[in-house]
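Student: I've got this model open and I'd like a close look at one loop and what surrounds it. Could you walk me through it?

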Amino acid sequence: MSQALRLAERGLYTTSPNPRVGCVIVKNNQVIGTGWHERAGLPHAEINALRSAAYEVKNATVYVTLEPCSHYGRTPPCAQALIEAGVAKVVVAMQDPNPLVAGKGIALLQQAGIMAQCGLLAAQARALNIGFVTRMLHQRPWVRLKIATSLDGKTALINGESQWITGEAARMDGHRLRAMSCAVLTGMGTVKRDNPQLSVRLIETTRQPVRIVLDNRLEISPDAKLLQSGRVLIFSAQGDEDKRKAIEEKGACVFILPSTNGKVNLNLMMAKLANLEINEVLVEAGGGLGGALLQAGLVDELFVYLAPCILGSQAQGMLNLPVLTSLANKHNLEFTDFRMVGKDIRVTARIVNTNL
């Protein structure tokens, strides 16, 4: 199963909106076939493993990181393919959270007389597909907040200058996060200040993330860099029809989702992204949007790049949050990883009091 998980990792940047899945076929204590899901619309891991088998797979044992599908989607059901191949046993890391499958694949195998077990290295399989799992179970994407900051927690000077606090290695690592994500989300403050492209440029990639802008008053210029290519989604709380048409003529999609405070309803935005089959969102924004998402319980994980510098008390902070009067109301985190990235430190943490 460990080998199957390593195979699944090969799809880390390519399988969206599908999950990352790996498969290993064993017979007479030998691996005779391996496969992984490469891209949506292409064969699933089990089919690739069956096709690669060096010997007859009848009575073999199959190790797969996600429950074989039992329905017709972009491809035929893998559970049926395993039955037709005559395998004797299927060991599954985790049940598929997709309601179209959710135990039906395992049941189909068992009804055909195949021994099917589930739960081997389930935590690792879930971590590999945390965005897919979150979308299926909670109807929203997994949200990562990326922050580049000085050691004293400042993200920009008082005049807004922020390029570059961290080093080149950290910026390249940030582009890996973009490449892994289905979408990159920013706010109008960042668009106005930096006019970013939000594309993957510092590393090679076969897929660019969707760019998302939260633009409460639909202020974005049709000449903004991120509107010049690729798929762009604009979320606004109001929509001047002429402005909306000008933006949509650039190929962007505009969604009007007002809330009672005159800003975009963040929960409805996340639900819409889930409907659009977006599993993982990387937030690259200022303290306003980052703080609003955190306050709404819509941030799951933080990637904080700490630079070896100090900017002082007048520089801009990481997140705009309400003043706390009690430590009982603090946002609790669980550190999951620390590592040097060039001269900077990357700290990864998960939100403990998430609403999931």
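In which loop does Trp 164 lie?

Tutor: Trp 164 lies in the loop between β7 (154-156) and α7. Helices here are DSSP runs of H or I with at least four residues, strands are E runs of at least two, and both are numbered from the N terminus. Before going on, keep in mind that this is a predicted model, where local features need pLDDT of at least 70 and side-chain atom pairs count only at pLDDT 80 or more, while totals for chains, interfaces and linings use all residues. Residues are numbered from 1 along each chain as its sequence is written, and side-chain values use heavy atoms, with hydrogens and water left out.

The backbone is worth a look at Trp 164: the peptide bond to Trp 164 from Gln 163 is cis, with omega near 0°. Most peptide bonds are trans. Another cis bond joins Ser 16 and Pro 17, with omega about 5°, and Pro 17 sits in the loop between α1 (2-8) and β1 (22-27).

Now follow the chain into α7, which covers residues 168-180 and holds Arg 178. Arg 178 is buried, at 8% relative accessible area (buried is under 20%, exposed is over 50%, partly exposed is in between, with a 1.4 Å probe and protein chains only). The unreviewed UniProt entry lists Arg 178 under "binding site", along with Ser 162, Leu 198, Arg 201 and Glu 284. UniProt positions are in the numbering used here, with feature names shortened, and such annotations may be inferred rather than shown by experiment.

Helix α7 also matters for the second largest pocket, giving the most to its lining, with four residues. That pocket holds about 590 Å³ of space. Of its 22 lining residues, the closest to the centre are Leu 12, Arg 144, Met 180, Glu 301 and Phe 303. By type, the lining divides into nine nonpolar, three polar and ten charged residues. Nonpolar means Ala, Val, Leu, Ile, Met, Phe, Trp, Tyr, Cys and Pro, charged means Asp, Glu, Lys and Arg, and the others, Gly among them, are polar. At least three lining residues come from each of domain 1 (1-129) and domain 2 (139-351), with bounds from an automatic or database domain assignment.

On a 1 Å grid over the protein atoms alone, a cavity is a set of points where a 1.4 Å probe fits but cannot get out, a pocket is an open set with protein on both sides within 12 Å along at least five of seven lines, and lining residues have an atom within 4 Å of a point. Points are joined across faces, edges and corners, and a volume is the space filled by probe spheres set on them. Among the residues lining the largest cavity are Ser 16, Phe 132, Cys 182 and Glu 280.

As for cysteines, a search of the whole structure finds zero disulfides (a pair of cysteine sulfur atoms within 2.5 Å). Cys 182, from that cavity lining, is in no disulfide, and the nearest cysteine sulfur, on Cys 253, is 16 Å away. Cys 182 is also buried, at 7% relative accessible area.
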